Amino acid sequence: MTGPLQIVLGTISVLFLIVSSVLAYRAVRAMVRIIRTGQPDGTRFGPVKSRLKTLAIESLGHTRMLKWSAIGAAHWFVFVGFYGLFLTLVEAFGEVWNPAFHLPLIGEWSLWNLFADIIGTGTILGILYLIYRRQKDHPRRQGRKSRFAGTNEGRGYFVEAVVLTVGVAILLIRALKVSSDLTDAPAWSHPISGALAAILPDSPDLLTVVAFVKIVVSLTWLVVISRILNMGVAWHRFSAFFNIYFKREDDGTVALGPLQPMTSGGKPIDFEDPGEDDVFGRGKIEDFTWKGMLDFTTCTECGRCQSQCPAWNTGKPLSPKMVIMDLRDHLYAKAPTCSARRRRPRRRRTTTSSSPPTSRPGRRATPASRGPTTRRRTGRWSARSRRAGSSTPTSCGAARAAAPAWSSARSTSSTSTTSWTCAATRC
Ligand code: HEM
Ligand code: SF4
């Protein structure tokens, strides 16, 4: 069954896999490094058993999201489809070379086939519903009242398009296996794709092409998110698990109740006799704990906090969502300088902690004034930093004049909560 078409598309798939895996590895490594620049918060690791239990209940059971009924149910299918049908991506790498390929051991197993059919269909219906809701709640319809006001909608569309395309490809591949007589699984194990097969041709080559499209779309998604670390709507599907595991209360209850003691460097501040180096509050992004940074990273920009916020709902330019988005964007724009400063030998540390790193005492860093070491260490990042800084309005006044009300609100909220100099745009 392997002809020239299979050889060409199979080779491209393997090469693309290698490139995207390298980029993804580097992105994850960078993200972990960035989050580790946060202040310590040592209380969140144990007890492992109870934290794992909460993780399993809240993620698999979607106990929080199902409070939003239909959206929670739709998201559950997309969620289960992403991890549960990961093996269909592995199988696609075989199918692109040989359309008759099945996963070893489980490929022809009826229960696996039934699972793939049901969850594949659920993924398509789930994402269609989420697409519908994003349009129904769109700012163009609801204006400032929309929970998506200020959200980066383009990223949401991209993520939705990828999920939909991959879901459709999964069903099409299964249906083409039936129509091309390439499966021995019983008919009851593929009820939906079996019905779809009735309108599809007997064409193993078409199966190869669909498998190729599935691979290319999945890997393109991987490459895009590897280049955009502040794309919470995509990254949350990995980071949300850590977010739940490391939640404040180890028994799984919500983080409400009395205020936590103010800490500096992970230790509570003694207000009677504060340490000389104690930092009060958060004046710059490095003052946040690593958990705070993980929280920023995981924000999906769903706008639920914004829609509950009394300030936002009474017309004030303050939105919790936009504060979180700005902090996240600023973190990923500034992180290269923070990471470089962390790694640089002590004698080269020449600035106060509130200023960007410099190569000489008393001088602010500019591209020209930074020494060769700094330039080398941060150069790899500069394009991304610029992108992160330019893609969204920040405290640097990058909001465009014609931006809608919530964009300028976003800029205002950032300014009002931060006092740093943006490392990305250097303004
Ligand atoms: C425990 C893990 C997860 C949690 C807590 C979580 C939470 C959320 C939340 C709160 C939203 C916003 C929903 C809304 O706008 O109404 C969202 C959106 C989304 N999630 Fe997750 N998620 C998780 C894992 C995943 C996984 C594994 C996937 C895999 C595909 C995924 C895919 C999506 C997509 C595609 C959207 C965007 C939906 C839209 O366009 O409106 N999530 N998620
Ligand atoms: S911070 Fe707000 S916008 Fe972000 S995920 Fe949480 S509720 Fe949604």
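**View 1. Polar contacts of ligand 1 with side chains of the protein.** In this predicted model, a polar atom in the side chain of Arg 147 sits 3.2 Å from an oxygen atom of ligand 1.

View 2. Which residues coordinate the iron atom of ligand 1? They are His 75 and His 236, each through its NE2 atom, at 1.9 to 2.0 Å from the iron. The site of this iron atom has 6 donor atoms with angles of 88 to 180° among them, and its geometry is octahedral. The two histidines bring together distant parts of the chain, since His 75 belongs to helix 3 and His 236 to helix 10, and 161 residues separate them.

**View 3. The shell of residues around ligand 1.** Ligand 1 is surrounded by 23 residues, and the closest of these are His 75, Arg 134, Glu 160, His 236 and Arg 304. At least two residues of this shell come from each of helix 3 (70–84), helix 5, helix 7 and helix 10 (232–245), and helix 3 contributes the most, with 6 residues. Sorted by class, the shell around ligand 1 contains 14 nonpolar, 4 polar and 5 charged residues.

**View 4. The surroundings of ligand 2.** Which residues surround ligand 2? The shell is made up of Cys 299, Thr 300, Glu 301, Cys 302, Gly 303, Cys 305 and Lys 321. By class, the residues around ligand 2 comprise 3 nonpolar, 2 polar and 2 charged ones.

**View 5. The largest cavity and its lining.** When the whole structure is searched, 3 cavities of 30 Å³ or more are found, and the largest cavity holds about 180 Å³ of space. There are 17 residues lining this largest cavity, and those closest to its centre are Glu 91, Glu 95, Asn 113, Arg 174 and Lys 177. Two or more lining residues are given by each of helix 4 (86–95), helix 5 (110–136) and helix 7 (153–179), and the largest share, 5 residues, is that of helix 7. In terms of class, the lining of the largest cavity consists of 5 nonpolar, 7 polar and 5 charged residues.

Definitions and conventions:
Residues are numbered from 1 along each chain as its sequence is written. Chains are lettered from A and ligands numbered from 1 in the order in which they are written. This is a predicted model: local features need pLDDT of at least 70, side-chain atom pairs count only at pLDDT 80 or more; totals for chains, interfaces and linings use all residues. Side-chain values use heavy atoms; hydrogens and water are left out. On a 1 Å grid over the protein atoms alone, a cavity is a set of points where a 1.4 Å probe fits but cannot get out, and a pocket is an open set with protein on both sides within 12 Å along at least five of seven lines; lining residues have an atom within 4 Å of a point. Grid points are joined across faces, edges and corners, and a volume is the space filled by probe spheres set on the points. Helices (H or I, at least four residues) and strands (E, at least two) are DSSP runs, numbered from the N terminus. Ala, Val, Leu, Ile, Met, Phe, Trp, Tyr, Cys and Pro count as nonpolar, Asp, Glu, Lys and Arg as charged, and the others, Gly among them, as polar. A residue is near a molecule or strand if one of its heavy atoms lies within 4 Å of it. A polar contact is a pair of N or O atoms within 3.5 Å; within protein, one must be able to donate a hydrogen and the other to accept it, and residues adjacent in sequence count only if both atoms are side-chain atoms. Donors are N, O and S atoms within 2.8 Å of the metal (3.2 Å for Na, K and Ca); water is not among the atoms, so sites may look incomplete. Four donors count as tetrahedral if all angles lie between 85 and 135 degrees; four count as square planar and six as octahedral if opposite donors are over 155 degrees apart and all others between 65 and 115; anything else is irregular.
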